[in-house]
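Work through each task before you look at its solution.

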Amino acid sequence: LAVTLHDIQPNGVGVACCGSHSGQLGHLMKEKGRTYTKFFDLISTKTSTNNKYNNGNNNIKRTNGNNSNTMVVMRDDDDDLGTTTFPQKKKIAPISFPLRPMLGVIGVAPSSPISTMPAGTHGGNLDNKLNGIGSTIYITINHEGGLLSIGDMHASQGDGEISGT
């Protein structure tokens with residue numbers, strides 16, 4: 001099966017989590033069993049009058065990320081769920097990076113039951129930044145009809161996912 005990604009349109013808000021139970025930063029969490037959550041906005045840099053991208057600036061226009069003038073920007077507050085602060089208890093925002101949408105999970109039903117990780121010839125939890133707009137992913141079909149599933153949209157991704165794959 002060849003799956004070509006013609007378009008990916010993220011919504012205006014995203015979320016990132018880091019927990020003590022998984023990922024490359026888990027050992028830095030002071031409270032074991034806790035997950036820290038940060039929210040991100042898609043910001044159009046074309047309409048902004050400054051480059052700080054802080055959430056309190058009324059001149060910044062949230063966008064659905066359909067142009068090259070869009071940045072992914074972390075909200076400048078401690079913890080958007082109001083539960084706790086990051087372990088360092090110091091501001092790390094604003095953090096921003098270019099919008100490069102990709103799909104983390106693309107796959108068909110495997111030939112036999114498996115866990116959700118790792119990926120295989122059936123596809124699965126790929127989390128590869130190259131699986132963005134214009135990419136074609138080739139997957140081996142194991143069952144009649146293929147049973148294609150696509151999800152785990154990322155507004156942007158680096159060279160891996162530090163909290164999972």
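**Exercise 1. Classify Phe97 by its accessibility, then describe its aromatic pair.**

Step 1. Phe97 has 28% relative accessibility, so Phe97 counts as partly exposed. The classes are buried under 20% relative accessible area, exposed over 50% and partly exposed in between, with a 1.4 Å probe and protein chains only.

Step 2. Note the ground rules. The model is predicted: local features need pLDDT of at least 70, side-chain atom pairs count only at pLDDT 80 or more, and totals for chains, interfaces and linings use all residues. Residues are numbered from 1 along each chain as its sequence is written, and side-chain values use heavy atoms, without hydrogens and water.

Step 3. Search the whole structure: one aromatic pair turns up. The ring centres of Phe40 and Phe97 are 6.0 Å apart and the planes meet at 55°, so the pair is tilted. (Rings of Phe, Tyr and Trp, the last by its six-membered ring, pair with centres within 6.5 Å; planes under 30 degrees apart are stacked, over 60 edge-to-face, the rest tilted.)

Step 4. Phe40 sits in strand β3 (residues 35-44) and Phe97 in strand β6 (residues 96-98), 57 residues apart. Strands are DSSP runs (E, at least two residues), numbered from the N terminus.

Step 5. Classify the partner. Phe40 is at 13% relative accessibility, so Phe40 counts as buried.

**Exercise 2. Locate Thr45 and classify it.**

Step 1. Thr45 lies in the loop between β3 and β4 (61-62).

Step 2. With 26% relative accessibility, Thr45 counts as partly exposed.

Step 3. Thr45 and Asn69 are 24 residues apart along the chain, and their C-alpha atoms are separated by 5.4 Å.

Conventions. Helices (H or I, at least four residues) and strands (E, at least two) are DSSP runs, numbered from the N terminus.
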